[in-house]
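Here's a quick tour of a protein model with its ligand. Have a look at the picture first, then work through the notes.

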Amino acid sequence: MTDPIAVLGCGPAGMATALALHTVGHEVRIYERYPEARPAGIILNLWPPPIRALEEMGVDTVDLGAPCHTTFRNAYTGHVRAETHLPDDVIARYQGGFIGMLRPVLYERMLGAMPDGIIQVNRTVTGIRDHGDGVQLTFADGSTVQTPVLIGADGIDSVVRTHLWGASPKREHRLQVIGGYTTEMPESAERNEAVIAHTRRVQGSYSAIRDHGRDGYQWWVLEAWDPEKPAPTDLHAHASELARDFGAALTDLIAATKHENTQRWAIRDRKPLTRWSRGRVTLAGDAAHATSPYAAYGAGMAIGDGYTLAKLLKHVDLASTPAVEEALLEYDRRRIPHTTSQVQQAYILGKAFHHIPRPLRPLRDFMLDRTDMLQKQVGDRSPQEIVDQLQEMGAETLANA
Ligand SMILES: Cc1cc2nc3c(=O)[nH]c(=O)nc-3n(C[C@H](O)[C@H](O)[C@H](O)COP(=O)(O)OP(=O)(O)OC[C@H]3O[C@@H](n4cnc5c(N)ncnc54)[C@H](O)[C@@H]3O)c2cc1C
């Protein structure tokens, strides 16, 4: 019997990886630095591939979120610049397609599916040594464990990524997002919609959610922001001010949101890697592909990483170094092109909507309103990638692969 596979970090990537590995029959442990798995943030949407992956990992996805039809609009005129069209069978099969939810609810569901004994908390990894036949982890208290495979799911500041590929600077997007949620239901907000709207310099959006059986909405406003500048002191007031040009729905939703349900994030990512895995060590989630929320897919991709990794490791003899290495390299081949394209698209969209010089903004908006540029890029391409991802997951489930 081999030592358990080690997963570093108990975010969406770590939980998905552990659940998927457990489902395919491997022993696994998650090592988390904090006293509990705690969600960094509140707002979230998931596409069908992660929903399917969660189902196969044994996560209860019934009523996890609200189905949303998604449009991209000109905030001033309401003109629909792009609309996502998922195939009807995908919408019918995956609870409506694009699902709006709260991050703590996703955590509850994933933790609810986690067998006892997998998660170890207050375990900060400080040392990693791949000695060929296995990997030794050293913790802050000086204790050590041996593992046949280490998966770094330890977020954007991953120590595993630095161990494998060296330190790299974070890429500042010079953007900030303020978001929140409410279970009040103002008449002005459209039901079962994700409305993503832009003025010349601000994105203001909302989407339907479910919160423990109740309907509600999450919302967010996004603007250019100098990372050297302190955060606005009153987030709620700042968000209301930004929402002025977006019509009644966004204003009403922000007004209905409790201050403690409002948060801010500075947006940054890292330049995509061309390789994740080396020897018996690999990466998943933001550790591998930190992504701007413009993709609305960071957590979704994190769940997809864990799913793919478990399928590839299912029949692998973990004592065999060449077999482990080959499975991890195949994981790189399957995941890196897709995640890199999402990371780069999200980065470019942030630039196009918020960092274009002022004189060019009318031209940009003319193009967005009068051509099918945005429809092709996000309305058609993203749903096609979703369908491609579902196809790549194949007919075999984690359990019967
Ligand atoms: C405003 C905002 C909106 C977003 N919206 C969406 C969306 O709509 N859809 C979507 O799919 N994604 C979205 N994302 C992206 C998504 O939140 C992230 O991609 C996702 O949380 C990444 O999960 P992760 O598990 O890789 O990393 P994390 O969630 O960062 O988890 C990493 C874990 O590792 C632990 N850890 C770190 N270092 C160590 C160590 N040395 N030892 C032990 N443990 C360690 C941490 O404590 C943490 O628990 C959004 C992000 C933001 C900021």
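Where does Ser382 sit? Ser382 belongs to helix H12, residues 373-393, where helices (H or I, at least four residues) and strands (E, at least two) are DSSP runs numbered from the N terminus. One thing to keep in mind is that the model is predicted, so local features need pLDDT of at least 70 and side-chain atom pairs count only at pLDDT 80 or more, while totals for chains, interfaces and linings use all residues. Residues are numbered from 1 along each chain as its sequence is written, and side-chain values use heavy atoms, with hydrogens and water left out.

**Ligand site**

- The ligand is surrounded by 31 residues, a residue being near a molecule if one of its heavy atoms lies within 4 Å of it.
- The closest of these residues are Glu32, Arg33, Arg103, Asp286 and Ala299.
- Sorted by class, that shell holds 17 nonpolar, eight polar and six charged residues. Here Ala, Val, Leu, Ile, Met, Phe, Trp, Tyr, Cys and Pro count as nonpolar, Asp, Glu, Lys and Arg as charged, and the others, Gly among them, as polar.
- At least two shell residues come from each of helix H1 (12-23), strand E3 (43-46) and helix H9 (298-313).
- Arg103 puts a polar side-chain atom 2.5 Å from a ligand oxygen. That is a polar contact (a pair of N or O atoms within 3.5 Å; within protein, one must be able to donate a hydrogen and the other to accept it, and residues adjacent in sequence count only if both atoms are side-chain atoms).
- On its own the ligand has 1,000 Å² of accessible area, and the protein covers 89% of that. Areas come from the Shrake-Rupley method with a 1.4 Å probe; for residues, only the protein chains shown count as cover.

**Strand E3 and its partner**

- E3 is covered on both faces, with Ile43 and Asn45 buried on one side and Leu44 and Leu46 buried on the other. Buried means under 20% relative accessible area, exposed over 50%, and partly exposed in between (1.4 Å probe, protein chains only).
- Strand E6 (residues 98-102) pairs with E3 in the antiparallel sense over four bridges; two strands pair if DSSP finds at least two bridges between them.
- Within E6, Ile99 is the residue opposite Leu46.

**The five-strand parallel sheet**

- Five strands in the order E7-E2-E1-E11-E17 make an open sheet with parallel pairing.
- Its edges are strand E7 (119-120) and strand E17 (281-283), each pairing on one side only.
- Strand E1 (residues 5-8) is covered on both faces: Ile5 and Val7 are buried on one, Ala6 and Leu8 on the other.
- E1 pairs with strand E2 (residues 28-31) in parallel over four bridges, and Leu8 stands opposite Tyr31 in E2.
- E2 also joins E7 in parallel through two bridges, with Ile30 opposite Ile119 in E7.

**The three-strand antiparallel sheet**

- Another open sheet runs E8-E9-E10 with antiparallel pairing.
- Strand E8 (125-130) and strand E10 (144-147) are at the edges with a single partner strand each, so one side of each has no neighbour in the sheet.
- Strand E9 (residues 135-139) is joined to E10 by four antiparallel bridges, and Thr138 stands opposite Thr144 in E10.

**Residues worth a click**

- Ser382 is buried, at 16% relative accessible area, and its side chain reaches the backbone oxygen of Val378 at 3.5 Å.
- His163, in helix H5 (residues 159-165), is partly exposed at 32%. His163 and Gly127 are 36 residues apart in sequence and 8.9 Å apart in space, C-alpha to C-alpha.
- Most residues other than glycine have a negative phi. Arg174 in strand E12 (residues 171-182) has a positive phi of about 55°, and with 40% relative accessibility Arg174 counts as partly exposed.
- Asn192 has a positive phi too, near 50°. Asn192 sits in the loop between E12 and strand E13 (193-198) and is partly exposed at 40%.
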